[in-house]
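Colleague: I would like to learn how to read the packing and charge pairs in a model. Could you take me through them one at a time?

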Amino acid sequence: MRELLRAYFSRRTLVSLYNLFFTLSRKLLTSFPLSLLMPKSNDDDVAQSEAVPLLDLVKPSLPISFPIKALQDLKSRSYFDSFHFQFNRSTVPFRRNSDCLPNRPRVLVCHDMKGGYVDDKWVQGCENEAGFAIWHWYLMDIFVYFSHSLVTIPPPCWTNTAHRHGVKVLGTFITEWDEGKATCKEMLATKESAQMYAERLAELATALGFDGWLINIENDIDEEQIPNMKEFVSHLKKVLHLSTPGALVIWYDSVTVRGNLQWQDQLTELNKPFFDLCDGIFMNYTWKESYPNLSAEVAGDRKFDVYMGIDVFGRGSFGGGQWTVNAALDLLKRNNVSAAIFAPGWVYETAQPPNFHTAQNKWWSLVEKSWGIVQTYPQVLPFYSDFNQGFGYHVSLEGRQLSDSPWYNISCQSLQPLLEFNEDNKDIIQVTVDQEGKNVFDFSEQHLNNYYEYDSAREASFNGGGNIVFRGKLKGDAYFTTRLFKPHLQLSSSPITISYSVKSDETSNLGILLSFSSPSLETKSILVAPEDPIRRFDDMSLQCLTTSVQTVSEWTVHEASLVMDGHTLTEISAFCYRPENSTKSAEFVALLGHISVKDHVQNQQNPEILLPASSWVIEAHNVELVPGNSSSKILRVKLEWRQKDLEDSAFTRYNVYAENVKSTDLRPRKVLEKPKSETVLLGIAHVPAYYVAELVVESDVKAVRFMVQACGEDASLGKLDEALNLLVDLEGLSVNHD
């Protein structure tokens with residue numbers, strides 16, 4: 001129904017109907033429903049909400065992200081009293097050499113996916129491996145999380161992964177229709193009230209680690225309150241810039257300086273006063289062909305701060321959106337203004353064939369061909385990627401499988417390769433990011449009833465839940481290269497170490513080709529490979545042989561060191577080839593599990609990963625034991641930890657494990673002592689806290705030992721036997737009956 005409305009109704013009519021629906025539905029639902037330890041999907045939440053008790057946000061429960069729906073809740077700062085507050089902080093800092101936006105046409109992407117807070121609301125992840133994700137961060141500068149609630153706070157998973165890729169993240173402040181007009185009247189009653197609400201929004205962004213706000217006033221306001229609206233906007237920008245350097249306030253082209261809800265579709269005297277107070281303006285997407293150029297002329301030196309909207313669903317957008325989105329992008333690029341892509345979730349929501357993974361790559365390739373790559377990464381060392389897209393069918397650690405359950409947690413997404421989409425499949429080698437069957441989910445017509453086909457031969461991962469698969473035909477004397485990353489890494493006299501993991505047979509070899517630029521802009525390539533293919537490819541590059549170690553899981557880790565003083569690393573590519581004298585021309589298959597680049601000096605100066613458990617403090621809070629099925633019980637506990645001498649942890653990721661203890665000897669486990677039972681990975685935390693919501697313990701279990709393993713930026717880990725641990729004695733707990 002929603003897609004049919006989008007196709008046949010005008011924007012004003014559709015927005016009216018769409019938001020009326022959301023307003024009514026949100027009045028019926030005043031909170032989020034309870035769920036299990038690893039919730040599967042959001043699809044049934046509304047149906048379940050009538051039968052399941054509504055969640056008290058102050059009481060301990062599985063951490064969720066949620067919006068602020070009432071002005072009073074924003075004023076009272078009740079969000080900070082929520083049990084969920086500390087779990088919603090982004091801990092990944094913004095990764096770019098400058099906090100300022102680049103001085104060029106930019107790309108803003110506005111999320112707008114099924115109303116927001118779907119699978120992504122589960123802060124510690126969920127089991128819906130088919131949840132929506134984005135991995136084309138190298139094609140955007142700003143990401144806006146959008147919903148139709150008053151204050152839309154981005155779930156930390158989006159901020160974590162966007163920051164990792166150098167993309168700023170904004171929340172949305174929106175008022176709509178009669179309810180929105182009443183909200184504005186209260187908010188803008190005085191200059192002081194306007195300033196106070198601006199300060200509340202700035203406080204939220206700073207405390208939670210995202211980068212600012214999109215301000216969307218989609219209702220009429222009293223003209224006499226326009227001065228206070230201007231004060232609200234200017235004060236928000238002022239406070240945010242003081243607390244978060246590089247923060248952004250972007251105005252949406254909606255209400256005018258006369259107080260009328262009147263979309264302009266271009267920069268005019270009716271919306272420019274708001275533009276002058278903000279860091280940019282997001283233009284409504286029903287603009288005409290001449291409007292980008294006219295807006296650029298009005299903006300003058302700030303033309304890159306004009307973001308012309310493009311609705312991917314195509315409702316009145318120039319060029320029609322959808323698979324012709326490049327028509328609008330091409331025009332905007334020619335007119336030297338920025339683009340605001342609205343609702344790229346169209347690919348997912350409308351189940352574009354043949355499957356989401358392929359359709360997503362195909363759609364974003366249109367953006368790349370039109371606009372080009374806007375992000376270069378990595379820009380700092382250490383660099384590490386295991387190509388994890390934030391979902392999968394299992395979790396591995398150095399080739400060993402820790403979990404065989406499906407999962408979804410975008411916070412876990414590592415730096416994404418810049419693979420070129422090739423719809424014609426003419427390359428001799430096909431290159432895909434494999435998430436254990438995710439890339440072959442079938443959204444074709446015969447599979448629309450929530451039935452997915454996937455390849456039963458799921459390949460194991462080296463780390464996380466994915467890898468890059470190289471598959472095709474390769475003759476004995478041929479080779480194949482494809483780009484993986486486009487870094488901008490200026491190197492010093494300190495040696496760097498390149499390592500990567502491969503799983504293949506003896507006839508399929510995989511090397512890493514590094515491209516450098518010298519201070520005099522001369523180019524140089526170095527092939528890092530386990531064998532010497534230079535005799536056949538000596539016109540390409542210099543050779544750097546690796547030392548190789550094969551793991552028990554049949555992954556081989558290759559490693560090499562080199563010094564490139566004064567050079568800049570500009571591209572990392574894969575290099576596929578056959579061993580010398582190979583006559584085999586059958587299928588070439590190789591899996592790439594990870595790539596890392598480390599600086600020797602930097603590693604020696606940052607030994608945090610080796611910190612002993614004695615330098616940490618770990619505590620258990622909100623411990624509760626309730627009856628389970630049969631003779632079992634369910635343990636609920638909030639774990640919190642910190643480094644003794646640091647206010648904030650230096651780590652942004654922790655593996656959390658549990659181990660049943662059945663012995664009556666509950667003394668601290670010795671380092672060399674083998675565990676008495678299986679150690680189970682519970683999940684991954686991105687803040688120094690983790691809530692165990694539904695841990696089933698059998699009647700013979702006397703205690704549960706929790707272990708927290710800090711993970712370095714380069715994926716380095718301390719030994720699990722030496723990890724921070726805490727024993728929770730069950731025999732001293734009373735059983736509560738819910």
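The dialogue below takes up the core, then a helix, then charged side chains.

Modeller: This is a predicted model, in which local features need pLDDT of at least 70, side-chain atom pairs count only at pLDDT 80 or more, and totals for chains, interfaces and linings use all residues. Residues are numbered from 1 along each chain as its sequence is written, and side-chain values use heavy atoms, with hydrogens and water left out.

Colleague: Which residues touch the most other members of the largest nonpolar core?

Modeller: In soluble globular proteins, nonpolar side chains tend to be buried together. A nonpolar core is a set of buried Ala, Val, Leu, Ile, Met, Phe, Trp, Tyr and Cys residues joined through side-chain atoms within 4.5 Å. Buried means under 20% relative accessible area, exposed over 50%, and partly exposed in between (1.4 Å probe, protein chains only). Here the largest core has 168 residues, and Trp213, Met229 and Phe232 touch the most other members. Helix H7 (residues 191–208) gives the largest share, nine residues. Helices (H or I, at least four residues) and strands (E, at least two) are DSSP runs, numbered from the N terminus. Another core, of 26 residues, lies apart from this one and includes Trp616 and Tyr654.

Colleague: Where do the buried residues of helix H6 fall, seen down its axis?

Modeller: In H6 (residues 177–187), Gly180, Thr183, Cys184 and Met187 are buried. They fall within an arc of 100 degrees, so they line one face of the helix; the arc is that of the directions from the helix axis to the C-beta atoms. The face turned away from the buried side carries the exposed residues Asp178 and Lys185.

Colleague: How many salt bridges does the structure hold?

Modeller: Side chains of opposite charge can pair when their charged atoms come close. A salt bridge is a side-chain nitrogen of Lys or Arg within 4 Å of a carboxyl oxygen of Asp or Glu. The structure holds 18 of them. In one, the closest N and O atoms of Arg104 and Asp141 are 2.7 Å apart. Arg104 lies in the loop between H4 and strand E1 (107–110) and Asp141 in the loop between E1 and strand E2 (142–144), so the pair ties together parts that are 37 residues apart in sequence.
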